[in-house]
Structures are given as structure tokens and as C-alpha cells.
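Subject: Structure handover

Hello,

Here is the structure I promised to pass on.

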Amino acid sequence: MIRPCHLLTTAAAALCLAAPAPALELGDILNAVTGAAQKVAKYQAAPLPKEKADAAMVFVGGMADEYTGIVHGLACNCPWLPITGDQTRAYYHWHMGDMGSFDLAPDKLAAELQEFRTLNPAAPVVLIGHSLGASTALQAAARLQGKPGGSIYLLTLDPVNRLVTPKRPDNLAWWGNSYIVNSQDSRDFIPVIGGRWNECKEADYNIRMDGLAKDDYGYFYQHGGAMSQLFCKGDEQESLFTRLCREIKKAR
């Protein structure tokens, strides 16, 4: 976590090196700090709207997704569900705005989801979580058990959380999971340390994606490739999104 004082020190040092002759003005320092803060907060959360809708898609990004925009890109570009009527979508960070909270984030997400479900009791909700965000999505779904509302579908994209056991909530209509093995990306030591769930035995559909193979976009499968984890087939016959759409059509 970058604190304001660190930003100020870094920004001031950078300005001193760039322009050693004139004295620093307060305005110059403030502009540097503002620019750095804007870069840090690049992808803002977009909570689920409190409005009438016939379905909702809720995307939950993994650790640092507010900086990388991996799941933010999915939220902006994912096709709509095969459901007639008005649909809405939302994008959250795994920590729900509190970087220090592992326990409260699922509660906060569940509360916002239930507000939507109360307003739209027949509308299905699709939760799509990547990495640590997949854990938050699963835990939030579990907290909705016994509460009134429409069907809940869950997609977990290479889920990670060493502190949580991937146990299936009773209220899930369908659960699809994709996971990466043999990744060749050096950055994938992070999900390894975090605790990859890999195949989830209680999911309805698991897709194994081999890092020695390339996805439909021509890239090797790896943890940061949430797009391929949702739309590519890996070792199976259908992608998670294709299978999700088929399950939704079958249920209607």
C-alpha cells in the first residue's frame, strides 16, 4: 500500500532531480502527488446499481485489479446474458474498498447483492470472480443462503485464497471453475504463494488450462489471462461463458 507521505517524498525527489536549479513550489509538489494518486487509483469500482433489472452480472477483481484492470476489462466488454429484458452489471475490488479486510469484504458484497435481489426477486445474478476476487465472490454467495432472491450462478477464474476452503454453498444454481497448471509466466509465483484452489471438486464444471498451451488469442495460459479463462475452452469442449449461457437457457 502506497501512503500519501511516500507519494509526497517520491514526487518531491523526482522533481528535484528533474529541475535542480529552481526551488520547488508547493503547486509543483501537489501536482506531482495528484498525478501519482490518479495512476494508483486507475480503475474505480462500479457498484451494483439500485434499480430494476431482469438480470445482473457482478465482476470481482483479484488483488491489485484496481491497478491492472484485468477484471475491469472483462466487466466492460463481456457479452450480455441470453436473457430477455434489462440487464445490469457491476465491478468490485476483492477487498470492497478496505485493503486490510479479508473477513468483512464478503459481508459487504453480500449486503449489496441482497439489496439488488430484494428489489428484483426473480432476477438471476451471475458472480464472476478472478483470483482472490473469486474467493470473495464464493464467500458472498454463501452469505446469501436462506435469503429470498433469484438464482445465483458463480464463475471462479483461477481462484486463490489459502485461508478459505472452496466449499459449495447450497444456494448456487451452477458453479463453473477454470484453473491454470504449468504456467510459464514468472509472475505466477504470486497465486502459488496465495494458495491456488485448482480443480474445485464441488463445482459443476471445471476447466483445466495448461500453461504450456496457447489460448484462442495466441497467448500461453497464465493467471493474469482472465479473458481466456472465461472465454476459452482449455482442455474441455466448452468455455465457462458458453456453458454458463447454456445453463441459463436450460433453466428458463
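Start in strand β2, where Thr88 is the bridge partner of Ala56. Please keep in mind that this is a predicted model. Another bridge in β2 joins Tyr92 to Val60. Overall, β1 (residues 55–61) and β2 pair in the parallel sense over seven bridges.

How many residues of β2 are buried? Seven of the seven are, so the strand is largely enclosed by the rest of the structure. Gln87, Arg89, Tyr91 and His93 point one way from β2. Thr88, Ala90 and Tyr92 point the other way.

Now the whole sheet. It is open, has six strands and runs in the order β2-β1-β3-β4-β5-β6, with parallel pairing. The edges are β2 (87–93) and β6; each has a single partner strand, so one side of each lacks a neighbour in the sheet. On average, neighbouring strands are turned by 10° against each other, direction ignored.

One of the partners in β6 is Arg208, which bridges to Tyr179. Strand β6 (residues 205–210) is mostly covered, with five of its six residues buried.

- Helix α5 (residues 104–119) lies across β1, β2, β3 (125–130) and β4 (152–157), and runs at about 170° to β1.
- Helix α9 (residues 240–251) lies across β1, β3, β4, β5 and β6, and runs at about 170° to β4.

In total, the protein has nine helices and six strands. Of its 252 residues, 48% count as buried. Take contacts with a separation of 6 or more: residues 24 or more positions apart account for 70% of them.

Next, the charges. Side chains of opposite charge can pair when their charged atoms come close. A search of the whole structure finds 13 salt bridges.

- Glu115 and Lys50 meet at 3.5 Å, N to O. The pair links distant parts of the chain: Glu115 is in helix α5, Lys50 is in the loop between α2 (26–40) and β1, and they are 65 residues apart. Glu115 is partly exposed, at 43% relative accessible area. Lys50 counts as exposed, at 64%.
- Arg208 and Asp210 have their closest N and O atoms 3.7 Å apart. Arg208 is partly exposed, at 30% relative accessible area. Asp210 has 15% relative accessibility and therefore counts as buried, the cut-off being under 20%.
- Glu238 and Arg243 meet at 3.9 Å, N to O. Both Glu238 and Arg243 are buried. They belong to a network of salt bridges that also links Arg246, Glu247 and Lys250.

Then the surface. The accessible surface comes to about 12,600 Å², and 56% of it belongs to carbon and sulfur atoms. Phe189, Ile190 and Ile193 form a nonpolar patch there, with about 330 Å² of accessible area together. Ile190 is found in helix α7 (residues 189–194).

Leaving aside residues up to four places away in sequence, Ser135 touches Val160, Asn161, Val164 and Trp197.

Best wishes

Conventions:
Residues numbered from 1 in each chain as written. Predicted model: local features only at pLDDT ≥ 70, side-chain atom pairs only at ≥ 80, totals over all residues. Heavy atoms only, no water. Contact = heavy atoms within 4.5 Å. Helix = DSSP H or I, 4+ residues; strand = E, 2+ residues; numbered from the N terminus. Buried < 20%, exposed > 50% of the residue type's maximum accessible area, 1.4 Å probe, protein only. Areas by Shrake-Rupley, 256 points an atom, 1.4 Å probe, with all protein chains shown as cover. Patch = residues over 30% accessible without salt bridge, like charges linked within 9 Å, V, L, I, M, F, W, Y side chains within 5 Å. Salt bridge = Lys/Arg side-chain N within 4 Å of Asp/Glu carboxyl O. Pairing = 2+ DSSP bridges. Axes fitted to C-alpha atoms, helices over the stretch in contact; angles between N-to-C directions.
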